[in-house]
Amino acid sequence: MTVFLQQLINGLSLGAIYALIALGYTMVYGTLQLINFAHSEVFMMGAFASLYLARWSGADQDPTLVSVCFVIVGTMAFCAILGMAIERLAYRPLRKSGRLNLLITAIGVSMLLRNGTLIAAGPLASFPTLLPQTQWQLAEGLSLRSMDVITLSVTLVLMVALHHIVERTQMGRAMRAVSHSRDAAALMGIPVDRVIAFTFALGSCLAGAAAFLRAVDMHKIDPEMGTNMGLKAFVAAVVGGIGSIPGAVVGAILLGLSETFVSGYLTSTYRDAIAFCLLIVILLVRPAGLLGKHAPEKV
Amino acid sequence: MTRGAMIGWAAMAAGIAIVWAIQIYAVPWTDPYLTDIIVRVGMSLLAVMGLALVLGFTGQFSLGHAGFMAVGAYTAGALVHYTHVHPVVGILAGALAAAFVGVLVGLPSLRLTGDYLAVVTLGFNGIIIVLIQNAEWLGGAKGLIGLPTFTNFGWTFTFVIIGGVAIRNVIASAQGRVFEAVRDNEIATRSLGIDTTRAKVTAFVFGAFWAGIAGGLVAFHRGSIFPTQFQYDRSIELVTMVVLGGTGSLSGPLIASSVLTALPEILRPIAQYRMVIYALLLIGMMILRPSGLLGARELTEVVAGWYRALRRHRAA
């Protein structure tokens, strides 16, 4: 039982990080039908932005509540601007051309950011301990880390905020309209380009928060850190039904739990294959993902 | 045999003879580094021509092509390592194994379309790599080493010529028309009584076969193979080559793959910045020339177009 609860905590914590990244994939896919390969690099650069902000504000020497909050908010703002810049410079010129072109461009942007960071920041950096790292022993073999608590609460707050933005604000309604039908939204007078830019900002913002939490937890960051996390978060978004916001969260939690449970109970060597097996099984049974809507093709 | 077919066979035989003449009389006196780059270009060509058929002509977006290369490479490598058969036998066995895996992967996943197909093939690529990494008898993550170094210019380009002719002939055949019909409108094709799933799987298996050949050559190139060589970033690179060359063209992707394989080597003096430059070229190319190098045309058509334009210019 304790093993089960321990894996549950670990799985939820990992799933929360996946969820924050997966939301960016799913929202961009909803509006542009683009697998935004550069999203994983936004996550990675968020971690580096956190590091430099922490050094600049002195939070790495003396982490106070104010300075750490400054680092988090600064990272999220940096990622939002980066996301919008990518959309403006690389994707918007291609709005009229084919989806394959957009995809290749996304791959190009991803390569550019990864290798640019490698040149600018070097291959590996250690990350300061910005958050309290204590462990509460709840029972024999069952412990709760403060990082898990912080990760889950930050994620929860951001989810509630996101839900509010998407469901209750005018911009959120515009986002939903664009993802429903871009052409119809444009005809109704919705500024589609601005909505798309806002979607990128929102998704990248969440990736920035995930980057900060992950970096504090891992104690080290490198330019390759986005690749694997991004791929898994993307898989989570597809499992949940890409384009669906609750789907991304459900898929991410499911993926986090299956990874920790399989490596806890069975074997950890096949850990990286779990995501893909889950993906293939779900897509073959429910081709639109768990919560995705299947749109029959009209002729 | 018709006269056209005879000319075709003769041209192919002549091509292979020229390749071997170069191998025997020119390669020993050429800079080994240059030869190495050319051989690597040849191996890319084989992988890319299969994907050009799947992606460019049949319109199926596969992001798992490197997985088939892995199957080919490891089948060929293990066969030669354990049974000491001739490497060519290993390469052919590897290609058949890759084609077989192509059926297994293709049958369920080709029910999906577009991006979903891309994601599932990406997933299969990942699973193949994890399985190899956990197979001790295949060397696991440490790689399969100590294989014969057999791949040379002659063998690589013999396969390139045979593969190129085979794929060109498939594209020009009735089956090739079916592939293009599936790409252009799958529902319309189905309403004409054509089994589109069968067509897609056929293209997929054909592409996997040539990826398997490419993998086998990779296995005997350096004499060692590692699972990380065939990860999904390699699949993405292959897709990039096809799209940059032009979907719906065979010669375009072949030119693109030659350039993209050689480019990092040419940029090696500025090694630190080469991947950044490569990425910028990719983005610039997509924005400035979205239909790829040749679009849906072949090199011969493009050159013929230039020739006609030149003649009109002279006449005017």
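Which residue in E3(A) is the bridge partner of A:Trp136? In this predicted model, the bridge partner of A:Trp136 is A:Leu144. Residues are numbered from 1 along each chain as its sequence is written, with chains lettered from A and ligands numbered from 1 in the order in which they are written. Because the model is predicted, local features need pLDDT of at least 70 and side-chain atom pairs count only at pLDDT 80 or more, whereas totals for chains, interfaces and linings use all residues; pLDDT is the predictor's confidence in each residue, from 0 to 100.

Strand E2 (residues 135-139) and strand E3 (residues 142-145) of chain A pair in the antiparallel sense over four bridges, where pairing requires that DSSP find at least two bridges between two strands. Helices (H or I, at least four residues) and strands (E, at least two) are DSSP runs, numbered from the N terminus. E2(A) and E3(A) form a hairpin with two residues between them, and A:Gly141 in the turn has a positive phi of about 75°.

Helix H4 of chain A comprises 23 residues (99-121). At 1.5 Å a residue, H4(A) should span 33 Å, the expected span being 1.5 Å times one less than the number of residues; the end C-alpha atoms are 32 Å apart, which agrees. Of the 23 residues of H4(A), 17 are buried, so the helix is largely enclosed by the rest of the structure. A residue is buried if 20 or more other C-beta atoms, placed from the backbone, lie within 10 Å of its own, exposed if 12 or fewer, and partly exposed in between. A:Gly122, with a positive phi near 85°, follows H4(A).

The contact between the chains takes 32 residues from chain A and 28 residues from chain B, two residues being in contact if their C-beta atoms, placed from the backbone, lie within 7 Å. On the side of chain B that touches chain A, helices H5 (114-133), H10 (232-245) and H12 (271-288) of chain B each give two or more residues. The largest share, eleven residues, comes from H12(B). H12(B) also has the lowest mean pLDDT (80) among the elements of chain B, while the mean for chain B is 89. For the complex, the predictor gives an ipTM of 0.79 and a pTM of 0.85.

B:Gly140 lies in the loop between H5 and helix H6 (153-172) of chain B. With 15 other C-beta atoms within 10 Å, B:Gly140 is partly exposed. Not counting residues up to four places away in sequence, B:Gly140 touches B:Gln133, B:Asn134 and B:Ala135.
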